[in-house]
Amino acid sequence: MPGLRLRAFYDPGQRDWGTSLSEDLRCLSVMVQATVLSRSTPLPLAGNAGDITIVTAGSPSNANAIAVWDGEPGAEDWVFLTPQEGWQVWVTDEARRLRFIGGAWIDVPRPGIVPIRTLAGTTHVLELIDTGTIIETTGASPVTVTIPAEASVPFEIGTLINVTQTGSGVATITAAAGVSLNGVIAGSVDLDGPWSGAALTKRGSDAWVVQGALAGSVA
């Protein structure tokens with residue numbers, strides 16, 4: 001069946017249908033209004049009755065899976081559910097909701113709360129995870145933030161991304177080949193100095209607008 005991929009329409013007298021039904025009920029109990037204990041705590045060798053958690057992203061096995069402590073009394077063990085694209089869970093120890101996108105659990109945006117991403121390198125090509133965030137450039141080295149073509153990173157029209165230069169290194173926003181920035185194909189512009197910022201908005205297919213504390217016109 002679609003959605004949670006539950007099984008149904010068993011044939012009369014079909015053998016072992018009880019096993020499938022039990023597995024489906026387990027999946028329902030976990031995923032409907034799903035709540036997990038943590039995504040950052042390493043999975044212990046043993047859990048407690050009812051424990052549901054996310055295996056840490058860096059785990060050598062079952063990374064990002066949802067782990068359920070389950071089984072017959074005296075034979076309990078961790079059972080792993082492979083998350084599907086778009087699944088959401090509430091994480092108790094962070095008091096926030098996560099969504100499984102692109103093979104990773106990411107924060108679901110909360111009204112009035114904007115995630116901040118700090119760039120560690122001197123170049124960065126925007127990616128889907130940047131949507132709705134503030135990107136901070138730091139340090140004394142120049143940093144280039146590139147807007148990719150829609151064919152490589154399909155941002156939705158209306159996407160908003162903010163860029164803030166917190167260090168002395170000049171932050172440059174540039175459009176990849178075929179992408180327009182304020183109407184200029186492959187345009188580029190610098191921010192106006194430390195603690196200046198700009199907002200990037202996608203207004204059409206391969207068409208972006210940058211507004212804010214800019215050093216000059218987009219060229």
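This briefing describes the sheets, nonpolar cores, individual residues and pockets of one protein structure. The model is predicted. The largest nonpolar core has 22 residues, and the largest pocket holds about 720 Å³ of space.

- Strands of a sheet pair through backbone hydrogen bonds, in either a parallel or an antiparallel manner.
- The pairing of β1 with β5 (residues 88-91) is parallel and has two bridges; here threonine 35 stands opposite tryptophan 90 in β5.
- Strands β5 and β6 are paired in the antiparallel sense over four bridges, and glutamine 88 stands opposite arginine 99 in β6.
- A hairpin is formed by β5 and β6, with four residues between the strands; in its turn, alanine 95 has a positive phi of about 50°.
- Strands β6 and β7 are likewise antiparallel, paired over four bridges. Phenylalanine 100 stands opposite tryptophan 105 in β7, while leucine 98 stands opposite aspartate 107 in β7.
- The hairpin of β6 and β7 has two residues between its strands, and glycine 102 in the turn has a positive phi of about 60°.

- The partner of β8 is β10 (residues 134-137), and the two pair in the parallel sense over three bridges.
- Within this pairing, arginine 117 has isoleucine 135 in β10 as its bridge partner.

**Nonpolar cores**

- Within the largest nonpolar core of 22 residues, those with the most contacts are Leu126, Ile147, Ile173, Leu181, Leu200, Trp208 and Val210.
- Two or more residues of this core come from each of β11 (143-147), β12 (160-165), β13 (171-175), β17 (196-204) and β18 (207-212).
- Neighbours within four places in sequence aside, leucine 181 is in contact with residues including Ile147, Ile173, Leu200, Trp208 and Val210.
- A second, separate core has 17 residues, among them Ile52, Trp87, Val89 and Leu98.

**Two loop residues**

- Threonine 133 lies in the loop between β9 (123-125) and β10.
- Threonine 133 counts as buried because its relative accessible area is 3%, and buried means under 20%.
- Beyond residues up to four places away in sequence, threonine 133 touches Val114, Pro115, Arg117, Leu160, Ile161 and Asn162.
- Alanine 176 is found in the loop between β13 and β14 (180-181).
- Although alanine 176 and threonine 146 are 30 residues apart along the chain, their C-alpha atoms are separated by 6.4 Å.
- When neighbours within four places in sequence are left aside, the contacts of alanine 176 are Thr146, Ile147, Pro148, Ala149 and Ala186.

**Pockets**

- Rolling a probe the size of a water molecule over the atoms shows where empty space is left.
- The largest pocket has a lining of 27 residues, and Ile106, Asp107, Leu128, Ile129 and Thr131 lie nearest its centre.
- At least two lining residues of the largest pocket come from each of β6 (96-101), β7 (104-107) and β8 (116-118); β7 gives the most, with four residues.
- The lining of the largest pocket consists of 15 nonpolar, six polar and six charged residues.
- The second largest pocket has a volume of about 230 Å³.
- Of the 15 residues that line the second largest pocket, Leu4, Arg5, Cys27, Leu81 and Trp87 lie nearest its centre.
- α1 (17-31) and β4 (77-81) each contribute at least two residues to the lining of the second largest pocket, and the largest share, four residues, is that of α1.
- The lining of the second largest pocket comprises seven nonpolar, three polar and five charged residues.

Notes: Residues are numbered from 1 along each chain as its sequence is written. This is a predicted model: local features need pLDDT of at least 70, side-chain atom pairs count only at pLDDT 80 or more; totals for chains, interfaces and linings use all residues. Side-chain values use heavy atoms; hydrogens and water are left out. On a 1 Å grid over the protein atoms alone, a cavity is a set of points where a 1.4 Å probe fits but cannot get out, and a pocket is an open set with protein on both sides within 12 Å along at least five of seven lines; lining residues have an atom within 4 Å of a point. Grid points are joined across faces, edges and corners, and a volume is the space filled by probe spheres set on the points. Ala, Val, Leu, Ile, Met, Phe, Trp, Tyr, Cys and Pro count as nonpolar, Asp, Glu, Lys and Arg as charged, and the others, Gly among them, as polar. A nonpolar core is a set of buried Ala, Val, Leu, Ile, Met, Phe, Trp, Tyr and Cys residues joined through side-chain atoms within 4.5 Å. Buried means under 20% relative accessible area, exposed over 50%, partly exposed in between (1.4 Å probe, protein chains only). Contact means heavy atoms within 4.5 Å. Two strands pair if DSSP finds at least two bridges between them.
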